[in-house]
Amino acid sequence: MIRPARRGDVEAVLALVRGLAAYEREPDAVAMTADDLTTALFGDPPAAHCLVAESPNPAGDVVDVVGFAMWHPTFSTWTGKSGMYLIDLFVRPEQRRAGHGRELLTELARICGRRGYLRLEWAVLDWNTPAHAFYRSVGATPTSEWTTWRLDARAIDTLAGPRPHHDSVT
């Protein structure tokens with residue numbers, strides 16, 4: 001079953017984020033806390049949105065959150081319309097091939113349709129060939145001639161100057 005994340009899911013989603021970091025060969029990279037995630041998902045306004053995949057036990061009772069998809073809206077100056085950027089999609093390795101990833105993507109596509117979004121985009125590590133195959137299987141295609149660029153916090157501070165000290169950054 002796929003549903004929007006609730007406050008009670010924060011610890012489970014954070015554990016999945018840590019699982020994703022380990023899978024992506026950066027097990028110590030997650031600095032986000034449960035409070036950070038709660039603020040991101042349930043703040044006013046939310047910085048991100050999250051769907052979770054639940055796995056039922058044989059009796060049909062929900063037993064665990066086994067996957068998640070986190071996203072935020074985007075805007076295209078080419079189309080003049082909003083879109084969706086999938087930040088992360090992850091399903092526990094032992095739960096893969098059970099349809100959870102496809103169900104998460106299907107629900108994201110439904111959200112796009114309801115909201116009039118014209119694009120659903122995301123990035124995939126070059127070495128992650130299982131993900132490449134999965135995304136191709138649902139009809140996604142990689143873009144060409146584009147490389148993702150990033151300024152991290154240190155580079156932002158170097159470019160813009162030190163940040164003012166606030167409890168929250170807007």
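**Backbone, cysteine and aromatic features of the predicted model**

R25 is exposed, at a relative accessible area of 58% (exposed means over 50%, buried under 20% and partly exposed in between, with a 1.4 Å probe and protein chains only). The structure is a predicted model, in which local features need pLDDT of at least 70 and side-chain atom pairs count only at pLDDT 80 or more, while totals for chains, interfaces and linings use all residues. Residues are numbered from 1 along each chain as its sequence is written, and side-chain values use heavy atoms, with hydrogens and water left out.

R25 sits in the loop between α1 (10–23) and α2; helices (H or I, at least four residues) and strands (E, at least two) are DSSP runs, numbered from the N terminus. Although R25 is not a glycine, its phi is positive, near 70°. A positive phi of about 70° also occurs at E145, again a residue other than glycine. E145 belongs to the loop between α4 (129–137) and α5 (153–160), and is exposed at 83% relative accessibility. In the loop between α2 (34–42) and β2 (49–56) lies P45, which is joined to D44 by a cis peptide bond with omega of about 0°.

Turning to the cysteines, a disulfide is a covalent bond between the sulfur atoms of two cysteines. With a disulfide taken as a pair of cysteine sulfur atoms within 2.5 Å, the whole structure contains 0 of them. For C50, the closest cysteine sulfur is that of C112, and at 15 Å it is too far for a bond. Both residues are buried, C50 at 7% relative accessibility and C112 at 6%.

The aromatic residues complete the picture. Rings of Phe, Tyr and Trp (its six-membered ring) pair if their centres lie within 6.5 Å, with planes under 30 degrees apart counted as stacked, over 60 as edge-to-face and the rest as tilted. By this rule there are 4 aromatic pairs. In one of them, the ring centres of W122 and Y135 are 4.8 Å apart and the planes meet at 55°, so the pair is tilted. This pair links distant parts of the chain, W122 in strand β5 (residues 120–122) and Y135 in helix α4, 13 residues apart. W122 is partly exposed at 23%, whereas Y135 is buried at 10%. Y135 also forms a tilted pair with F134, at 5.3 Å between centres and 55° between planes.
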